[in-house]
Amino acid sequence: IAGLTSSLDGNANEAEADAHPGRTAAAALMYHVIQADGVLRDVEKSRFKEVLTKEYALSEAELKSLVAAARAADSEAVDFYRFTSVLMDRLDEEERVAFIELLWELVYADGYKHELEENVVWRISELLGVSGRDRVLMRQRVQERLGIAGSGEPSDPAQG
């Protein structure tokens with residue numbers, strides 16, 4: 001997403017743990033999405049790492065550090081506001097819509113969306129001021145790009 005990397009970068013002079021609060025906030029929300037249905041599949045973990053590496057041009061060590069920070073932040077958070085408020089301060093409207101598109105990519109990493117994942121994206125969208133229309137358009141864009149027809153829900157109930 002053009003601009004997302006620079007918008008979420010912190011001051012290079014800050015301590016390493018606090019150097020990129022926007023990255024950590026975004027990664028924590030992404031991590032929450034991939035494990036929202038209670039099943040964290042290898043394909044979801046792989047896609048999560050691919051997205052982070054691509055968006056932030058991370059080395060393997062930086063990726064490992066960010067994934068650990070995201071997991072820790074997500075496990076400590078009582079709500080999404082902690083993360084979305086950071087993103088609201090750093091991203092403009094277009095970048096926030098693009099972030100929702102990234103979340104949909106993670107939702108569909110395993111080929112379908114679970115209702116809990118969809119609910120998480122809806123809640124994050126609301127907190128980021130992304131309209132329901134834009135949220136749905138981003139979902140449809142990802143479905144089209146990935147060749148996922150219809151609702152994107154599993155055809156086999158045992159999958160979900």
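## Contacts and overall make-up

Residues 24 or more positions apart account for 72% of the protein's contacts with a separation of 6 or more, a contact being heavy atoms within 4.5 Å. This is a predicted model, in which local features need pLDDT of at least 70 and side-chain atom pairs count only at pLDDT 80 or more, while totals for chains, interfaces and linings use all residues. Residues are numbered from 1 along each chain as its sequence is written, and side-chain values use heavy atoms, with hydrogens and water left out.

The protein has eight helices and zero strands, where helices (H or I, at least four residues) and strands (E, at least two) are DSSP runs numbered from the N terminus. Of its 160 residues, 44% count as buried, that is, under 20% relative accessible area with a 1.4 Å probe and protein chains only, whereas exposed means over 50%.

## The nonpolar core

The largest nonpolar core has 42 residues, and those with the most contacts inside it are Met30, Phe48, Leu52, Phe99, Ile100 and Ile124; such a core is a set of buried Ala, Val, Leu, Ile, Met, Phe, Trp, Tyr and Cys residues joined through side-chain atoms within 4.5 Å. Among the elements that give two or more residues to this core are H2 (21-34), H3 (42-56) and H7 (115-127), and H2 gives the most, with nine residues.

In H5, Phe83, Thr84, Val86 and Leu87 are buried. They lie on the same side of H5 because they cover an arc of only 155° around the axis, the arc being that of the directions from the helix axis to the C-beta atoms. On the other side of H5, Tyr81 and Asp89 are exposed.
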